[in-house]
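Subject: Structure for your records

Hello,

Here is the structure I said I would pass on. My notes on it come after the model.

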Amino acid sequence: MEEQIRKSDTLQVVGQLAAGIAHEIRNPMTALKGFIQLLQNSIDHEEKDDFSLYFDVITSELQRIENIITDFLVLAKPQAIKHEQKDIIQIVQETMDLLTAQATLVNVQFHTEFEPSLPLLYCEPNQLKQVFINIMKNALEVMPIGGTLTVSVHAKDEKFIVVSIKDEGEGMPEERIKRLGEPFYTTKEKGTGLGLMVSYKIIEEHGGYIDVHSEIGLGTTFSIILPINSSEENKKE
Ligand code: ADP
Ligand code: MG
């Protein structure tokens with residue numbers, strides 16, 4: 001319990017910090033990317049070879065900044081937060097649409113299992129989209145040579161809606177599962193360790209929780225469990 005309290009305090013501080021800066025970084029980033037592209041185009045071919053290492057470093061470091069911003073996108077716009085009754089399948093579908101190009105690039109096929117006639121869910125759709133993006137992106141990143149990403153949505157005990165995202169990646173040892181959601185915890189060279197932290201926070205705020213099941217060498221399933229009657233009063237502050 002103590003551990004939980006400590007963890008959520010840290011989440012709040014990091015979340016607030018992010019909200020203050022992430023949004024403002026977007027515009028200068030776009031300008032930088034544009035001008036670097038122009039610079040690259042205006043240097044003639046011979047010189048380009050000398051500079052190519054510099055361009056590679058600049059591009060990959062800009063990508064790293066972009067990853068951080070992407071993981072935080074929704075938290076960065078607190079003024080836009082609006083809870084409403086929404087069809088969860090539509091939110092999941094829109095998230096998959098956003099990631100189609102990225103999935104195709106690594107040969108990953110989406111497979112969906114949607115339970116029909118689910119009740120509407122009281123939620124903040126953009127925040128839930130952020131959670132699904134972050135978890136699906138992780139799934140794509142552990143399937144670099146392709147596979148199937150299974151996304152299912154179903155009801156549980158008439159009280160919850162469960163969204164499961166199942167990959168065929170490397171799987172995770174128990175020690176790693178325990179650390180998920182910790183700020184800056186990453187095993188990736190270009191990772192931020194912020195995607196799951198943000199996701200856990202958003203789901204917690206919806207009164208739900210995230211369950212992780214993983215088998216080494218076979219893959220991982222992230223289940224996002226959301227209460228159907230998550231009205232204002234039982235929503236955590
Ligand atoms: P990042 O993706 O930037 O590393 P995240 O917070 O999204 O940060 O994820 C934290 C860590 O959790 C990852 O670095 C990885 O070790 C682990 N992880 C998350 N999703 C998966 C997955 N589907 N399979 C295996 N490991 C995962
Ligand atoms: Mg990630």
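Predicted model: local features only at pLDDT ≥ 70, side-chain atom pairs only at ≥ 80, totals over all residues.

Helix 3
Helix 3 runs over residues 88-105, 18 residues in total. From its first C-alpha to its last it reaches 26 Å, close to the 26 Å expected at 1.5 Å a residue. There is a bend in helix 3 of about 50° at L99. After the helix comes N107, with a positive phi near 65°.

Four residues of helix 3 are buried: I88, I91, V92 and T95. In an α-helix, residues three or four places apart point the same way, because there are 3.6 residues a turn.

The core
The largest nonpolar core holds 31 residues. Those with the most contacts inside this core are V131, F132, I135, M136, I165 and I224. Two or more residues each come from helix 3, strand 3, helix 4, strand 4, strand 5, helix 6 (195-205) and strand 7 (219-227). Helix 4 is the element that gives the most, with seven residues. As for I135, its contacts beyond the neighbours within four places in sequence are I165, S199 and F222.

Ligand 1
There are 22 residues around ligand 1, and those that come nearest are N138, T186, G191, G195 and L196. Helix 4 and helix 6 each supply at least two residues of this shell. By type, the shell divides into eight nonpolar, ten polar and four charged residues.

Two exposed residues
Is T100 buried or exposed? T100, which is in helix 3, counts as exposed because it has 11 C-beta neighbours inside 10 Å, and the cut-off for exposed is 12 or fewer. T100 and F110 are ten residues apart in sequence and 8.5 Å apart in space, C-alpha to C-alpha.

N229 lies in the segment after strand 7. N229 is also exposed, with 11 other C-beta atoms within 10 Å. Between N229 and K188 there are 37 Å in space, C-alpha to C-alpha, and the two are 41 residues apart in sequence.

Regards

Methods. Residues numbered from 1 in each chain as written. Chains lettered and ligands numbered in written order. Expected span 1.5 Å × (residues − 1). Bend = angle between axes of the 7 residues up to and from the residue. Buried ≥ 20, exposed ≤ 12 C-beta atoms within 10 Å, placed from the backbone. Core = buried A, V, L, I, M, F, W, Y, C linked by C-beta atoms within 7 Å. Contact = placed C-beta atoms within 7 Å. Near = placed C-beta within 6 Å. Nonpolar A, V, L, I, M, F, W, Y, C, P; charged D, E, K, R; others polar.
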